[in-house]
Every structure is written in structure tokens, then in C-alpha cells.
Amino acid sequence: MLNLRTLMSLAVTALFIQSAIGAKHAVGGPDGEWNQVTNFTTWAKGERFEVGDTLEFTYNAAHSVLEVNEKAYDDCDTSSPITIESSGTTSITLSSVGKRFFICGTSGHCENDGMKVTIDTVSSTTPSTPTTPSKPDPADSPADPPTKPEKTRNAGNGGYEVNLAMLLGFGLMSLMFL
Ligand SMILES: [Cu+2]
């Protein structure tokens with residue numbers, strides 16, 4: 001039977017699961033936002049963008065968020081953007097590996113004030129099917145020299161699946177005991 005505690009448990013569990021699946025990146029944060037004084041090159045260097053993560057642009061009415069191609073990015077060309085957002089809060093989901101380019105659409109802000117940022121998205125560290133034998137596997141040679149490093153999990157970013165399982169378990173436990 002659904003009661004308040006059950007609903008709260010579900011909500012808490014959902015929050016944990018969400019945080020485990022995709023990180024949110026407040027553009028220019030935590031101290032800055034999408035404005036003329038934040039250094040987005042420095043900011044982006046300190047972030048790791050993975051598939052499934054979300055960009056959160058926060059800005060006032062003086063600015064906008066234009067997604068552009070690389071050429072337009074280099075030239076600060078606002079004439080033919082891929083998308084234009086000006087709501088003040090723009091969420092962008094990074095759904096695939098690769099670079100994406102964002103500039104401000106206000107005249108001068110890209111070229112003069114550095115309101116431009118490149119987002120280089122890498123694949124999620126969630127373990128996936130290991131189908132990457134770049135060189136033929138010497139399956140028949142028993143004396144494999146220890147040249148290739150042991151497969152290690154990236155300690156800082158790995159373990160999403162484990163976390164997810166634990167959180168699901170936590171949520172179910174909450175349901176049972178609350
Ligand atoms: Cu601007």
C-alpha cells in the first residue's frame with residue numbers, strides 16, 4: 001500500500017539513481033556562470049564530460065546560448081547557429097562522444113569577452129562490452145610478455161553500475177523497512 005514513506009523512499013532512490021547516471025555541469029560554475037567574466041577555457045579543462053552528462057547554462061537576459069559548428073565557433077559567427085536558447089536556463093544533454101561548440105549570441109561577447117566554450121565529451125566510464133582488440137590477440141602464444149597493462153578500473157570515475165546496484169538495493173530496503 002502506498003503511503004508517504006513509500007513515496008519518499010522512491011523519491012530519494014530516484015534522486016540517487018539520477019545522480020549516479022549522469023553528472024550535471026553548471027557551465028562556469030561553481031563560482032561563475034554564462035557571463036562575460038568567467039573563463040570557460042579554464043572551467044572546461046577542470047571538467048570531465050561523459051556521455052549522459054548534462055550541461056546547465058545559467059545566464060541573464062544580456063546573453064544567449066548558441067550551439068554552432070567548429071568554423072562558426074572559431075569565427076564567433078552567430079549568423080547560422082544550430083540552436084538558439086535564450087530562456088536564462090538551458091540544459092544540454094551530452095548524448096554522444098565528440099566536441100560541441102557553444103557561443104553567446106550577443107554582439108561582441110564571443111570575440112571580445114570569451115563567451116565561448118568547447119565541450120569534448122568522452123564515453124562513459126561505465127564498463128561496456130570489451131570489444132577493442134586493436135591488435136590481433138595472440139591467443140595461441142602461452143608466453144604473453146607483460147607489455148599490455150592490466151585492465152584497471154578508473155578509480156575516480158568507475159563503478160557506476162556497482163553504485164547503481166547498491167542504490168537500488170538501498171531503495172528496496174527502504175521500502176521494506178520504513
Ligand atoms: Cu553574452
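**Reading the core and sheet of a predicted model**

Biologist: Which residues have the most contacts inside the largest nonpolar core?

Modeller: Phe57, Phe102 and Ile103 do, in a core of 18 residues. Keep in mind that this is a predicted model. As a general idea, nonpolar side chains tend to be buried together in soluble globular proteins.

Biologist: Which strands supply at least two residues each of this core?

Modeller: Here they are strand E3 (54–58), strand E4 (65–68), strand E7 (98–103) and strand E8 (116–122). The largest share comes from E4, with 3 residues.

Biologist: Let me pick phenylalanine 102. What is it in contact with, leaving aside neighbours within four places in sequence?

Modeller: Phenylalanine 102 is in contact with Val65, Leu66 and Glu67, and also with Lys116, Val117 and Ile119.

Biologist: Now the sheet, please. How should I read the strand order?

Modeller: The general idea is that strands of a sheet pair through backbone hydrogen bonds, either parallel or antiparallel. In this structure, 5 strands form an open sheet with mixed pairing, in the order E2-E8-E7-E4-E5. Strand E2 (49–50) and strand E5 (83–85) each have a single partner strand, so they stand at the edges and one side of each is left without a neighbour in the sheet.

Biologist: Do E4 and E7 run parallel or antiparallel, and how many bridges join them?

Modeller: E4 and E7 run antiparallel, joined by 3 bridges. Leucine 66 stands opposite isoleucine 103 in E7.

Biologist: And how many helices and strands does the chain have?

Modeller: There are 5 helices and 8 strands. Buried residues make up 15% of the chain's 178 residues.

How values were computed. Residues are numbered from 1 along each chain as its sequence is written. This is a predicted model: local features need pLDDT of at least 70, side-chain atom pairs count only at pLDDT 80 or more; totals for chains, interfaces and linings use all residues. A nonpolar core is a set of buried Ala, Val, Leu, Ile, Met, Phe, Trp, Tyr and Cys residues joined through C-beta atoms within 7 Å. A residue is buried if 20 or more other C-beta atoms lie within 10 Å of its own, exposed if 12 or fewer, and partly exposed in between; C-beta atoms are placed from the backbone. Helices (H or I, at least four residues) and strands (E, at least two) are DSSP runs, numbered from the N terminus. Two residues are in contact if their C-beta atoms, placed from the backbone, lie within 7 Å. Two strands pair if DSSP finds at least two bridges between them.
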